[in-house]
Amino acid sequence: MIQFEQEKTRCGTVAIVGRPNVGKSTLMNYILGEKLSITSAKPQTTRQQILGIKTEETTQTIYIDTPGLPQASKNRLQRSLVRDAINVVAEVDVVGFVIEAGRWTEADQTILERLREQNHPVILILNKVDRIKDKTRLLPFMKICAEKMNFLAMIPLSAQKGDNIGVLEETIAHHLPYAKFVYPRDQLSDRSQRFLAAEFIREKLMRALHKEIPYGVSVVIEQFEEKKRMIHIHAVILAARLGQKAIIIGKGGEVLKIIGSQARLDMEACFKKKYI
Ligand SMILES: Nc1nc2c(ncn2[C@@H]2O[C@H](COP(=O)(O)OP(=O)(O)OP(=O)(O)O)[C@@H](O)[C@H]2O)c(=O)[nH]1
Ligand SMILES: [Mg+2]
């Protein structure tokens, strides 16, 4: 007689999608309890997909933070970003579609239509509820949302304050398949410390620089040397135009100094080591 033993653990993937700036990365960081994905008040902060892995007693949830989906694909790079973020949806167990509570934009509608084609379980996440003073406004808004698609659930929450995140996590866990864990229990991401170091620096640049300048900036880690209690990191900041160099450096190197010390704090917290 063949006996099937049912897996006792659940393991699956969740794509976090939505238009730029709705708080996707903030949400993933809150769930993980670690700053892994960079965030800023400027749209299109996240440039590449990043995995955040949360393992609890019997559940492993693999979150995929994606770049915000632009409404109109202006150029080839943007078009490929949209394609990537939409393609990932086809391969996951659950989709977390993030919008801003109380606002339904054209970009949200475009994403919704793409999600409808995929026929995948979608949880609608209404983020930034802390901004809504009069909470009675939420109910009629949720009613409108409910008519748009048959969502698995609609969850209002605040990724910044952490309100209602537990409900989201429980809902997700409930819809993950029974399966063995894919990653070791202590693995937090698919990204290297080297990648994260570059991202932490880019975040500070995104936050410190104005207008189009941060969008042209890239960070390359030239050296990442791990000593016993220290990590030596050499980073190079590449600007789109020579004229931007002076702005990035700042008067007397002021901007660069601030960026360096802020990024160092993030690295120390994430790598739990000193960084020079
Ligand atoms: N008030 C409030 N602000 C939030 C909340 N969640 C995120 N934010 C803010 O919204 C802005 C955008 O957050 P991100 O997490 O970078 O947004 P994103 O969706 O990842 O953006 P892209 O990577 O550009 O697509 C930041 O300034 C966050 O601090 C929230 O729950 N409440
Ligand atoms: Mg992001």
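Reader: Which strand does I123 lie in?
Author: In this predicted model, I123 belongs to strand β5, which covers residues 122-127.

Reader: Is I123 buried or exposed?
Author: I123 counts as buried, because its relative accessibility is 1% and the cut-off for buried is under 20%.

Reader: Which residues does I123 touch, leaving out those up to four places away in sequence?
Author: I123 is in contact with V94, V95, G96 and F97, with L152, A153 and I155, and with L168, T171 and I172.

Reader: What separates the C-alpha atoms of I123 and G96?
Author: The distance between these C-alpha atoms is 5.0 Å, although I123 and G96 are 27 residues apart along the chain.

Reader: Where do S25 and T46 lie?
Author: S25 is in helix α1 (residues 24-32), while T46 is in the loop between α1 and β2 (50-55), so the pair ties together parts 21 residues apart in sequence. Both S25 and T46 are buried.

Reader: And the largest pocket: how much space lies in it?
Author: The largest pocket holds about 400 Å³ of space. It is lined by 24 residues, of which N21, G23, T26, S40 and K128 are the closest to its centre.

Reader: What is the lining of the largest pocket by class?
Author: The lining has 13 polar, 6 nonpolar and 5 charged residues. Helix α1 supplies the largest share of this lining, with 3 residues.

Terms used:
Residues are numbered from 1 along each chain as its sequence is written. Chains are lettered from A and ligands numbered from 1 in the order in which they are written. This is a predicted model: local features need pLDDT of at least 70, side-chain atom pairs count only at pLDDT 80 or more; totals for chains, interfaces and linings use all residues. Side-chain values use heavy atoms; hydrogens and water are left out. Helices (H or I, at least four residues) and strands (E, at least two) are DSSP runs, numbered from the N terminus. Buried means under 20% relative accessible area, exposed over 50%, partly exposed in between (1.4 Å probe, protein chains only). On a 1 Å grid over the protein atoms alone, a cavity is a set of points where a 1.4 Å probe fits but cannot get out, and a pocket is an open set with protein on both sides within 12 Å along at least five of seven lines; lining residues have an atom within 4 Å of a point. Grid points are joined across faces, edges and corners, and a volume is the space filled by probe spheres set on the points. Ala, Val, Leu, Ile, Met, Phe, Trp, Tyr, Cys and Pro count as nonpolar, Asp, Glu, Lys and Arg as charged, and the others, Gly among them, as polar. Contact means heavy atoms within 4.5 Å.
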